[in-house]
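Here are some notes for a colleague meeting this structure for the first time. Please read them with the model open.

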Amino acid sequence: MEEILLEVNNLRTVFDTEYGTVKAVDDISFTLRKGEVLGLVGESGCGKSVTNLSLLRLIPEPPGRISGGRILFKGKDLLVGDEEEVRLVRGGSIAMIFQDPMTSLNPLLKISLQIAEALQLHRGMGRKEALAKAAELLKAIGIPDAEARANDYPHQFSGGMRQRVMIAMAISCNPDILIADEPTTALDVTIQAQILELIKSLSGENTMSVIMITHDLGVVAGICDTICVMYAGKIVEKASVDDLFAQPLHPYTKGLLDSIPRIDAGSRKRLYSIPGSPPNLASLPPGCPFRPRCDKAMEICGREMPPETSLGDAPRSVRCWLYASGEGGLE
Amino acid sequence: MGTQVEATPEQMEELKRLFGEDKPIPVLYIEWLGRVVQGDFGFSLRTSRPILPDILQRLPLSIEITLFALVLALALGIPLGIAAALKQNPLTDIVIRITGLLGLSLPQFWLASLMVIAFSGVQGWIPMGNYISFAADPIKNLKMLFFPSLAIGTGLAAVIMRYTRNSMLEVMQQDYVRTAKAKGLKKRVVVIRHALRNAILPVITVAGFNTGYLLGGAIVIEEVFALPGMGRLALYAIYQRDYPVIQGIVLLIAAMFVLVNLVTDLIYAAVDPRIRLDEGGR
C-alpha cells in the first residue's frame, strides 16, 4: 500500500454565531494515501466544504474556528504554528479547486497572470517564465488557441473553460494533493464529464492524490477509490468505492443510494427520498444526528453517538449502533 | 444700500435696452448661449470688463485646490478604509468610523476657520493675502494650499473611507479572494492586488461624483483663506448681483462637473476590463 500523505485526526471546526456555536465539522478523521482519490459525500451543509477549507486553514476567522484535532501532512501538523507556515503549503503542495468557476477567478486580472502568480511564488519563476508556463498549462488542459487566450480576462471565458483555468492554476505547481470542492456542480452535464475526465487523468499522470467533495454519487462512482459519507458534521461511513456501492451499511448511505434514479428499475416506481431534513447544526439532538430520519432507530440512538466501528478491511468503518458491538446489540 | 433713488420708467426702459434685456427670457437665453459657444461670456455689470478672461485667470487656482483636495481625500480615505475593514480589533474599526463620521459632519468653513486660528502663526502655511502661484514657486504654493485643500477634502475623505471600508468588507468575502488565499499568496498581495482593485471600483464612482462638489466647496473656503480663486469671484459677484458673472461661473462649474464624470468613466474602463467595449466578448 502507498504511503500515507495526509492524516486528519479528530478535526473539529466550529462557527460562533448568534444562535450559538455551530459544530460544522465534528470529530472527523480520515487518511489519504499517495495517488488515492478520496470522495467526501453528503448533503449541502453537512460540513464537506468546511472540512476542506479547514485543511488549509482557510476558514474565515471569526466567526469560524478550528477547535481541535490534528492535520498531519507528511508528518507535520498544519494546525500548529502560525498561518505563515501553512501559507506556503497552500497552492504549492496542496491546491484547491472551488465549486463556482464563475466567481472564483478575479475579474480584473488576466488569466495568464492569475496562473503565473502561483508559479512565481512556489516555483520561484521569473515573471516572463511564469507567464510562458501559464500559457503552456492552458494548452495542456485543452484551451484552444491557448497562447492568445492567456491574455484574456475571465469574463471572456465560458464556465467550463474557467473551471479548466482553475484546474490549470491548481496543478501548476505539481501539488501532492488536489482538493476539488464540487468542481462540476455549476457546469453543464457534458462539461462535467470532461472536467472529471481531466482531473482523473491528471491524478493518474502525476500520481497526485485527490480529495473530491461532492453530493453527486455518480461522480464518486466514476473517479473515487475511497469514500467518506458525511452527515451533520460527522463521517458516518468509510469504505472503498466497490464496497460502498455493493453493500452500504449506514442507514443514511443506504438512503442516499436508494435515492439515485435507476435505469433498470420500473419506470412507474416512485423515486425514494429520505424522510425529513438535515438537522440544524446549532441545536443538534443528543445521540446520533440521523436518528430522527432513521427507520432503524433504537432507544440507544437518542442517548449516545455511536463510536466508529471498523468492519472488515480498512478503510471500511461505520458509525452506527446497528454495527457497534456491546450494548447496542446486533441486528 | 443707503438712500434709494427711484428710477423713472423711461430710465428703466433705456437701461434694459442697454443691457439687451428688452426681449423675452427664452430668446435672451438662446442668444446668450450662442455667444457663449463663441467664447463671449458678456461683460460684468460692475466693472464692465469682459467676463471670460477674469474667470480664466482665477480658474487654475480653484482647479488646483480641488485636485489637491481630491488627492488628500484619496490618500486619507483609502488607507483608513482598508484598515477599518481588515482590522480584527473592533476598537480600531470603531475609532476610524467615528473619526469618519466627524469628518463628514464638520462644516468646512468651521474647520477652515479653526485651521486659520491654529496655524496662522506658522510662517507660510496659511495664505494671508500673499498668494504665490504654482508657477512662481511650487513648494510655497503647495504649502499655502495644504490647509485650504484639507478643509475641503476632509468630508470627501470620510465618504471615501466609508465606501472603501464597506466595499473592502464585501470583496474580502468573494470567492476569488479565497482563490487568491488558496494559492498561498501573502496577505498583502491578496489585499492589494486581488481585493483592493475590485473594492476600489465603487470608490472611483463616488470620488468622481463628489469632485464636482469639491469645486463648490472651494467657493466658501477661498474666502476664508483669502485666496484669489474663481470661488471668490463668484462670491463677490453674488454680493454685487453681477448676474452675467454668476451665470458664467455656474456654466463653467457645470461643464467641469460633466468633464469630471467623463474622466471617471474613462478611469473606470481602464481599471475594469469588463467595461472596455473595444475588446468585447469573443
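1. Start with a strand pair in chain A. Strand β3 (residues 37-41) of chain A runs parallel to strand β8 (residues 209-214) of chain A, and five bridges join them. Within this region, V41(A) stands opposite T214(A) in β8(A). Keep in mind that this is a predicted model.

2. Now widen the view to the sheet. Eight strands of chain A make up an open sheet with mixed pairing. The order is β6-β7-β8-β3-β9-β10-β12-β11. Which strands stand at the edges? They are β6 (94-97) and β11 (309-310) of chain A. Each has a single partner strand, so one side of each is left without a neighbour in the sheet.

3. Next, the domains. Chain A is divided into domain 1 (4-93 + 176-263 + 270-318) and domain 2 (100-174). Their centres, taken over C-alpha atoms, are 28 Å apart. In the contact between them, 13 residues of domain 1 of chain A meet 14 residues of domain 2 of chain A. On the domain 1 side, helix α8 (residues 189-206) of chain A gives the largest share, seven residues. That side of domain 1 holds nine nonpolar residues, four polar and no charged.

4. Then the core. The largest nonpolar core has 150 residues. Those that touch the most other members are A134(A), L178(A), M212(A) and I160(B). Domain 1 and domain 2 of chain A both give residues to this core, so it lies between them. Leaving aside residues up to four places away in sequence, A134(A) touches S112(A), I115(A), A116(A), L119(A) and A150(A).

5. One helix deserves a check. Helix α7 (residues 159-171) of chain A has 13 residues. From first C-alpha to last it reaches 18 Å, close to the 18 Å expected at 1.5 Å a residue. Is α7(A) mostly covered or mostly open? It is mostly covered, with 11 of its 13 residues buried. The buried residues include R162(A), Q163(A) and R164(A), along with M161(A) and V165(A).

6. Finally, the chain contact. Here 20 residues of chain B are in contact with 23 residues of chain A. On the chain B side, α7 (175-182) and α8 (187-224) of chain B each supply at least two residues. Of the elements there, α7(B) gives the most, with seven residues. The chain B side divides into six nonpolar, six polar and eight charged residues.

Notes
Residues numbered from 1 in each chain as written. Chains lettered and ligands numbered in written order. Predicted model: local features only at pLDDT ≥ 70, side-chain atom pairs only at ≥ 80, totals over all residues. Core = buried A, V, L, I, M, F, W, Y, C linked by C-beta atoms within 7 Å. Buried ≥ 20, exposed ≤ 12 C-beta atoms within 10 Å, placed from the backbone. Domains from an automatic or database assignment. Contact = placed C-beta atoms within 7 Å. Helix = DSSP H or I, 4+ residues; strand = E, 2+ residues; numbered from the N terminus. Expected span 1.5 Å × (residues − 1). Nonpolar A, V, L, I, M, F, W, Y, C, P; charged D, E, K, R; others polar. Pairing = 2+ DSSP bridges.
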